[in-house]
Amino acid sequence: MASEALPKDQDLFDPEIQGILEGNARFRRLGWKRLTVISIVEAIALGSLGLPSAFAALGMVAGVILTIGLGFVAIYAGYNIGEVKLRYPQVGHYADVGRLLLGNVGSKLFVGSFVALLVFVIGSHCLTGAIAFQNITQSGSCSIIFSVASAAILMLLAIPPSFAEIAILGYIDFASIVLAIGVTMIATGIQSSNGSGDFSADHSPWSAWPKPGLTFSAAIVATNNIVFAYSFAGCLPSFMEDMHTPEDYVKTLWWLGGIQVVIYTLTGSIIYAFVGQEVQSPALLSAGPVISRVVFGIALPVIFISGSINTTVVCRYIHGKIYRDSVVRFVNTAKGWSTWLGLVFVVTILAWIIAEAIPIFSELLSIISSLFVSGLSFYIPPIMWYVLLKEGAWYEKHNLKPAILNGMVFIVGMIIFGCGTYASIAELVDKFESGSVSKPFTCA
C-alpha cells in the first residue's frame, strides 16, 4: 500500500510533484536535539523577565513552589499533547485537535485560540523590543517609533518558513537570554552588596512571604506571569510536524522542561533576593540605568528571534490550511513566497496593534496567560487524555493514576482561567484609571 502512494517514475518530472518532494525534504528534517534548541528559543524568553517581580509580590516561598510546581504540571500536559500528535498524525498543529474533540465547532474555537495566543505573544515581544530600544538609546523620541522598529525586525526574522532553517539562530538566542540574565544577576548582586546604584541601605529587602497589602488581583497577575513562562505547549505539535522521528519529542520535552524549571527558579529567586521589593518588570530594568542598557542590548536577540519563531508557527498554520492540497504550502514557488510574505506582514501588524493597545508588560503577560495559556497548556490537555488517549474507563486500575493527575491539571488550568481573567482586567483598568501608565497609541 505504501508503494502505491509514491509517485511513478514519469511523475518525478512533473514540476508540482518535484515541488512536493522538495518541500517534504526541506521541512521533515528536524531532530530532537535541534527541536530542543528551537523549543528553548520559543519558550525561554520573555517569561523569565517577569519572574522576579512575581516573586516580589508572592514572596520567595510561594514563588519557588509555584515556579517548580507549574513547571512539572506544564511538562505533564505537554506529554499528553505529544501523545495525541503521535496517535493522530493528521494533527499538524495544536488547532487541529479541536476537530477531534468537538468537530467543526471545536475546530473553529481552537483555531481562534491558537492564532490569538501566538499573535498576543508576538505582541509582547514587540512591546519588549520597544522598551529595550527606549532604554538603550535613552531617547526622548515617541515610543511608537520604537515599537514600529521592533515590529519591523520581528517581521524580517520571520521570513524563513522552515524551523530547521532558523535553528542556528537558536544558539544565539539561548546564549543571549542566559547572558542577559547572568549579567543582571551579577550586577544586582554587586550593587546590593556595596549599596551602589539604586540599592540604598534602606531599600526594602526580599521576603519569604507575600508583600504586605497584596490584593487578590495583584497576586493572580503575579502568578500568571509564572504561568506565561510555561506557555510552550501550544507550539509542540507544529514543531513535531517538522521532525523526522516525532517519537523523540519526549526527550525534547524533558530537556526543555528541566532547563526551564532551573533557569526560572534561579532567575526569579536570585534577582529578587538581590534587588528586593523594588524589582521591576521586565527584570532587566532592575540592574540600574547603565547596566540595564547593556543587558537590554545583550537581550535583543532573544526578544526578536523568539518572537519571530512564534510568527513562523502561526503563519505556517494559516498558510498550510489555505493551500492544504497545493505545492504552494511549501513556500518554494513565486506564489508561495508572495502569499507567505503577505501573511507575515499582516500577523506582525496585528501583533503591533496589541502591543500598543496594552502597553504594560506584566498585565499583557497576565492576560495572555488567563485567556489562552490556561487552556492550551493546562486544562485542555487533560481533556485530550480523557477523550482521545484513555483506554477503557477512567477508574480502571491502569487509568487511575493518570486520571487523578489529569484531573488536578484540569483544576489548575480552570483556576488560572477564571481567577486570572478577572484579576488581569481589574488590574489593567485600575492602572489606566489611576494614570500610572500611558494611554494606548500615545507617545510615552
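pLDDT is the predictor's confidence in each residue, from 0 to 100. Keep that scale in mind, as this is a predicted model.

**Stop 1: the whole protein**

Colour the protein by pLDDT. The average is 83, and 86% of the residues score at least 70. Now switch to a cartoon view. The secondary structure comes to 16 helices and zero strands. Of the 444 residues, 53% are buried. Consider the contacts with a separation of 6 or more: 84% of them join residues 24 or more positions apart. Show the surface next.

**Stop 2**

Select helix H6, residues 60–87. Confidence is highest here, at a mean of 94. Then select helix H1, residues 2–5. Here confidence is lowest, at a mean of 42. Move on to residues 16–21. Their pLDDT is below 50 too, and this stretch has 14 contacts beyond near neighbours in sequence. Where pLDDT is low, the predicted coordinates should not be read in detail.

**Stop 3: threonine 223**

Go to helix H10, residues 216–228, and pick out threonine 223. Is threonine 223 buried or exposed? Its relative accessibility is 18%, so threonine 223 counts as buried, the cut-off being under 20%. Show its side chain. A polar atom of that side chain lies 2.9 Å from the backbone oxygen of alanine 219. Which residues does threonine 223 touch when neighbours within four places in sequence are left aside? Select Leu58 and Leu66: threonine 223 is in contact with both.

**Stop 4**

Select Leu371, Ile383, Val387, Phe410, Ile411, Met414, Ile415 and Phe417. Together they make a nonpolar surface patch of about 650 Å². Which elements give two or more residues to the patch? They are helix H15 (361–389) and helix H16 (397–434). Colour these two helices separately. H16 provides the largest share of the patch, with five residues.

**Stop 5: phenylalanine 417**

Stay on helix H16 and zoom in on phenylalanine 417. Its relative accessible area is 31%, so phenylalanine 417 is partly exposed. That class runs between the buried limit of 20% and the exposed limit of 50%. Phe417 is also one of the patch residues from the previous stop.

Terms used. Residues numbered from 1 in each chain as written. Predicted model: local features only at pLDDT ≥ 70, side-chain atom pairs only at ≥ 80, totals over all residues. Heavy atoms only, no water. Helix = DSSP H or I, 4+ residues; strand = E, 2+ residues; numbered from the N terminus. Contact = heavy atoms within 4.5 Å. Patch = residues over 30% accessible without salt bridge, like charges linked within 9 Å, V, L, I, M, F, W, Y side chains within 5 Å. Areas by Shrake-Rupley, 256 points an atom, 1.4 Å probe, with all protein chains shown as cover. Salt bridge = Lys/Arg side-chain N within 4 Å of Asp/Glu carboxyl O. Buried < 20%, exposed > 50% of the residue type's maximum accessible area, 1.4 Å probe, protein only. Polar contact = N/O pair within 3.5 Å; in protein donor to acceptor, adjacent residues only side chain to side chain.
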